[in-house]
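Hi,

Here is the structure I promised to pass on. Have a look at it first, and then read on for what turned up.

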Amino acid sequence: MAAAHSGDSPRHAGTAAAVPAAAGAAEPGAAPARSAVFVARRLTKTYRMGDVEVLALREVDLEIREGEFVVLLGPSGSGKSTLLNILGGLDVPTSGEAFWRDHDLARAGEQELTRYRRDHVGFVFQFYNLIPSLTVRENVALVTDIAPHPMPVDEAIDLVGLAPRGNHFPSQLSGGEQQRVAIARAIAKRPDVLLCDEPTGALDYGTGKVVLEVIARINAEFGTTAVVITHNAAIAGMADRILHLADGRVTRVETNARRLTPAELSW
Ligand SMILES: Nc1ncnc2c1ncn2[C@@H]1O[C@H](COP(=O)(O)OP(=O)(O)OP(=O)(O)O)[C@@H](O)[C@H]1O
Ligand SMILES: [Mg+2]
């Protein structure tokens, strides 16, 4: 048998070697082969607080494909932010694997993770994190000054519909406008992936929809893979796929046959 010739070399069971194969493998019912941008296997994160151990992620397996719009949905404490932070190189798992393309995020050093975040990841958080003493344009320029292939600052601001506000300070903008500046800052580096942790969590209904429109537009126009955390099940209608998290596990994966536009969502 062939196995007798190849022997039982443990290298064939090697984890890194498994990634390209996994990248081509489509789940039943999924859209045909787009390559995997993220692959996680048995991803586990434990936080230790004194004597107490919190299992934030328990052996999570997932693939997120090129250009996909994925929503992470689940109750508070289910591990959504922990997962997003590991995919974004802000945190490292306790065990298991997390690949961005062929980069092993679980074993990367601090310098490599910093480079990964700087060159490839756009983050958007619930509370904008703009620098109050800098104008809109200056906030975005902070990123374009260090990114390898940025878009012009004004183009990024225009993409989120804030061209007339370039010289305003954050305090002179509404919450929704500030979030759009945060998105402009995230996309100005032309990131491969846009990771959003409750981007509409602090916004009212109408403003939240405008922000979702912007994220959907970036995903559609630039093919930027988007992973969006929300508590709001209605937002899941926008996604290609919804990963449901509960108690540190992905409990269910849903695929939308048709993605809704943010205008079609209601909650
Ligand atoms: N730095 C930390 N130290 C200790 N425990 C943590 C830390 N970060 C998260 N946890 C714990 O890990 C679990 C998952 O947290 P996580 O922030 O990922 O949840 P979440 O799904 O994003 O929740 P929320 O919807 O409230 O933001 C929670 O029990 C949380 O208390
Ligand atoms: Mg969270």
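H5 passes H7 in a right-handed crossing (a crossing is left-handed if the near helix is turned anticlockwise from the far one by less than a right angle, and right-handed if clockwise). This is a predicted model, in which local features need pLDDT of at least 70 and side-chain atom pairs count only at pLDDT 80 or more, while totals for chains, interfaces and linings use all residues. Residues are numbered from 1 along each chain as its sequence is written, and chains are lettered from A and ligands numbered from 1 in the order in which they are written. The names of helices (H or I, at least four residues) and strands (E, at least two) come from DSSP runs, numbered from the N terminus.

Back to that pair. Two packed helices are described by the angle between their axes and the distance between the axes. For H5 and H7 the angle is about 30°, and the axes are 8 Å apart (axes are lines fitted to C-alpha atoms, for helices over the stretch in contact, and angles run from 0 to 180 degrees between N-to-C directions). That makes H5 roughly parallel to H7 (angles under 35 degrees count as roughly parallel, over 145 as roughly antiparallel, 65 to 115 as roughly perpendicular and the rest as oblique).

Which residues meet there? On the H5 side they are Val 136, Asn 139, Val 140 and Val 143, and on the H7 side Val 181, Ala 184 and Arg 185 (two residues are in contact if their C-beta atoms, placed from the backbone, lie within 7 Å). Sorted by class, the contact of H5 with H7 has 5 nonpolar, 1 polar and 1 charged residues (Ala, Val, Leu, Ile, Met, Phe, Trp, Tyr, Cys and Pro count as nonpolar, Asp, Glu, Lys and Arg as charged, and the others, Gly among them, as polar).

Helix H5 covers residues 136-144, and its buried residues are Val 136, Asn 139, Val 140 and Val 143 (a residue is buried if 20 or more other C-beta atoms lie within 10 Å of its own, exposed if 12 or fewer, and partly exposed in between, with C-beta atoms placed from the backbone). Why do they line one face of the helix? Seen down the axis of H5, they fall within an arc of 90°, so they line one face (the arc is that of the directions from the helix axis to the C-beta atoms). An α-helix has 3.6 residues a turn, so residues three or four places apart point the same way. The buried residues of H5 pack against helix H6 (153-159) and helix H7 (175-187).

In H6, look at Ala 156. Ala 156 is buried, with 26 other C-beta atoms within 10 Å. Apart from neighbours within four places in sequence, its contacts are Val 140, Met 151, Ala 184, Ile 187 and Ala 188. Ala 156 and Ala 184 are 28 residues apart along the chain, yet their C-alpha atoms are separated by 5.1 Å.

H7 also packs with helix H8 (residues 205-222), at an angle of about 15° and with the axes 9 Å apart. These two helices are therefore roughly parallel to each other, and H7 passes H8 in a right-handed crossing. H7 brings Gly 175, Gly 176, Gln 179, Arg 180, Ile 183 and Ile 187 to the contact, and H8 brings Thr 207, Val 210, Val 211, Val 214, Ile 215 and Ile 218. By class, that is 7 nonpolar, 4 polar and 1 charged residues.

Now for H3. With 6 of its 8 residues buried, H3 is largely enclosed by the rest of the structure. Those buried residues are Lys 80, Thr 82, Leu 83, Leu 84, Ile 86 and Leu 87. Just after H3, Gly 89 has a positive phi of about 70°.

Most residues other than glycine have a negative phi, and most peptide bonds are trans. Two residues to look up here are these:

- Glu 59 is not a glycine but has a positive phi of about 50°; Glu 59 lies in strand E2 (residues 52-65).
- Arg 190, also not a glycine, has a positive phi of about 55°; Arg 190 lies in the loop between H7 and strand E7 (193-197).

As for the whole protein chain, there are 8 helices and 10 strands, and 39% of the 267 residues count as buried.

Cheers
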